[in-house]
Amino acid sequence: MPALMAPSDRERTDSPSWTFLTNHAHVLLCIAADPEVRLRDVAVRVGITERAVQRIVSDLEEAGYLRREREGRRNRYTIARELPLRHPVERHRSVSALLSLVEEEQPPPSQPSRGRARR
């Protein structure tokens, strides 16, 4: 029986051959994290072309999941978090539920201490 081998450095640093989320979800997650993000930066982060990101953003806009507003030379994106996911298997969940799975949690605000400090 062959011994288990540790993954090589190459295997640990290369992109996986598949992921659980689609490029549409990855683009949406990037925009949720930074509503003023440049599509060029989204492309680099997701690992697809800028043109592919533009097509995905257009898909999301046409379906009502994303709204683009021009602010000077930049775009600002708003996500319709209340909308259901599209596939029948996940339609019972909202975009907000998807985003909350992946977004970084914010630490709870610190509560000011009341009274005297304990010694």
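Which residues have the most contacts inside the largest nonpolar core?

1. **Basis.** This is a predicted model, in which local features need pLDDT of at least 70, side-chain atom pairs count only at pLDDT 80 or more, and totals for chains, interfaces and linings use all residues. Residues are numbered from 1 along each chain as its sequence is written, and side-chain values use heavy atoms, without hydrogens and water.

2. **The core.** V27, I31, V57, L66 and I79 have the most contacts inside the largest nonpolar core, which has 24 residues. At least two core residues come from each of α2, α3, α4 (50-62), β2 (74-79) and α5 (95-102). The largest share, 7 residues, is supplied by α2. Such a core is a set of buried Ala, Val, Leu, Ile, Met, Phe, Trp, Tyr and Cys residues joined through side-chain atoms within 4.5 Å. Buried means under 20% relative accessible area, exposed over 50%, and partly exposed in between (1.4 Å probe, protein chains only). Helices (H or I, at least four residues) and strands (E, at least two) are DSSP runs, numbered from the N terminus.

3. **L66.** Leaving aside neighbours within four places in sequence, L66 is in contact with L28, I31, V57, L60, E61, Y77, T78 and I79. Contact means heavy atoms within 4.5 Å.

4. **α2 against α4.** The axes of these two helices come within 10 Å and cross at roughly 85 degrees. They are therefore roughly perpendicular to each other. From α2, the contact uses N23, H24, V27, L28 and I31; from α4, V53, I56, V57, D59 and L60. Axes are lines fitted to C-alpha atoms, for helices over the stretch in contact, with angles from 0 to 180 degrees between N-to-C directions. Angles under 35 degrees count as roughly parallel, over 145 as roughly antiparallel, 65 to 115 as roughly perpendicular and the rest as oblique.

5. **α5.** V95, L98 and L99 are buried in α5. They lie on the same side of α5, because they cover an arc of only 95 degrees around the axis. The arc is that of the directions from the helix axis to the C-beta atoms. The buried residues of α5 pack against α2 and β2.

6. **The aromatic pair.** The structure holds 1 aromatic pair. The rings of W18 and F20 have centres 4.9 Å apart and planes at 75 degrees, so the pair is edge-to-face. Rings of Phe, Tyr and Trp (its six-membered ring) pair if their centres lie within 6.5 Å; planes under 30 degrees apart count as stacked, over 60 as edge-to-face and the rest as tilted. W18 is exposed at 56% relative accessibility, and F20 is exposed at 76%.
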